[in-house]
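Please study the structure shown below alongside the explanation that follows. The text moves from one particular link to its surroundings, and then to the chain as a whole.

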Amino acid sequence: MKKLFKNLFPFILVSLLIVLAACNGDDDNNDNGNNNYDTYDVDANGIPQFVSVNYIELTQIIRISKFRSAEGHDYSDGFESCRSMKHYFRPYDAADWAAIKIYAPVSGTVSRIYEEWAGTQVQIKSDSRPAFYFIIFHIDLDNPLSVGDNVTAGQQLGTHIGSQTTSDIAVGVETPTGWKLISYFDVMTNTLFQQYQARGLNSRSDVIISESARDADPLSCDGETFSDSGTLEHWFDLN
């Protein structure tokens with residue numbers, strides 16, 4: 001019996017190695033080319049420009065807060081702190097704020113629903129870029145949404161909740177080293193950004209305070225409240 005096992009051992013070992021290799025191949029196929037499945041390394045690969053739909057009726061908007069501004073409250077990630085890493089979209093004073101339409105900026109899956117003090121917050125995980133999440137605040141939903149529901153780029157989700165607050169949007173990425181917030185304008189296609197250029201933006205940097213510029217002009221926070229708003233401009237006024 002021992003002699004038989006000794007003769008068969010090389011064949012058993014080779015078979016085991018083949019099985020293990022096959023299993024590793026399956027794992028590689030499941031992560032869609034990304035580390036840890038649905039992650040994306042923005043530092044190594046750059047930010048893809050894949051959003052071709054506005055999330056809000058741009059014709060109704062007069063001002064946009066800058067990424068990393070001191071507008072609103074501290075909204076930061078695992079890499080930076082004490083800065084507003086999203087954009088607020090302020091409608092014209094004369095507009096009916098509660099009638100301004102809100103759309104899904106990408107096709108994807110509803111990954112989170114949260115009832116806020118004003119309206120509903122909806123988080124959408126992109127189908128084409130599953131490491132990217134779009135968070136839209138203060139929506140008055142046309143129809144109920146649930147986690148797991150599918151939405152299509154350009155689909156109307158509802159309207160802005162009203163004049164008690166501005167509309168805001170954040171974009172987050174699951175990276176190999178943690179949750180990272182990036183500007184909505186960085187993921188826009190050039191064609192979509194042309195709509196903003198027609199309203200006076202020369203470049204995306206017009207609405208983005210760089211990390212180095214913010215670090216050189218730091219803010220102070222008391223919890224989520226800005227106690228020192230720095231010296232940099234918070235808003236860009238559209239024409």
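In this predicted model, C82 and C221 form a disulfide, with their sulfur atoms 2.1 Å apart. A disulfide is a covalent bond between the sulfur atoms of two cysteines. A search of the whole structure finds one such link. The angle about its S-S bond is 100°, and the link of C82 and C221 is right-handed.

Where do the two cysteines lie along the chain? C82 belongs to the loop between β1 and β2, whereas C221 is part of strand β11 (residues 220-222), so the pair ties together parts that are 139 residues apart in sequence. Their surroundings can also be described. C82 has a relative accessible area of 12%, and because this is under the limit of 20%, C82 counts as buried. C221 has a relative accessible area of 29% and is partly exposed, because this value falls between the limits of 20% and 50%.

The loop that holds C82 also contains D77, and it runs between β1 (61-65) and β2 (87-91). D77 is buried, yet it has no salt bridge.

The side chain of D77 does, however, reach backbone atoms. One of its polar atoms lies 2.9 Å from the backbone nitrogen of F79. The side chain of D77 also reaches the backbone nitrogen of L181, again at 2.9 Å. Leaving aside neighbours within four places in sequence, D77 is in contact with M85, W179, K180 and L181.

In helix α3 (residues 190-197), the residues L192, F193 and Y196 are buried. Seen down the axis of α3, the buried residues fall within an arc of 95°, so they line one face of the helix. On the other side of α3, N190 and T191 are exposed. What covers the buried residues of α3 includes β1 and β2.

The view can now be widened to the whole chain. Its secondary structure comes to four helices and 13 strands. Of its 239 residues, 45% count as buried. Among contacts between residues at least 6 apart in sequence, 65% join residues at least 24 apart.

How values were computed. Residues are numbered from 1 along each chain as its sequence is written. This is a predicted model: local features need pLDDT of at least 70, side-chain atom pairs count only at pLDDT 80 or more; totals for chains, interfaces and linings use all residues. Side-chain values use heavy atoms; hydrogens and water are left out. Buried means under 20% relative accessible area, exposed over 50%, partly exposed in between (1.4 Å probe, protein chains only). Lys and Arg count as positive and Asp and Glu as negative; His and the chain ends are not counted. A salt bridge is a side-chain nitrogen of Lys or Arg within 4 Å of a carboxyl oxygen of Asp or Glu. A polar contact is a pair of N or O atoms within 3.5 Å; within protein, one must be able to donate a hydrogen and the other to accept it, and residues adjacent in sequence count only if both atoms are side-chain atoms. Contact means heavy atoms within 4.5 Å. The arc is that of the directions from the helix axis to the C-beta atoms. A disulfide is a pair of cysteine sulfur atoms within 2.5 Å.
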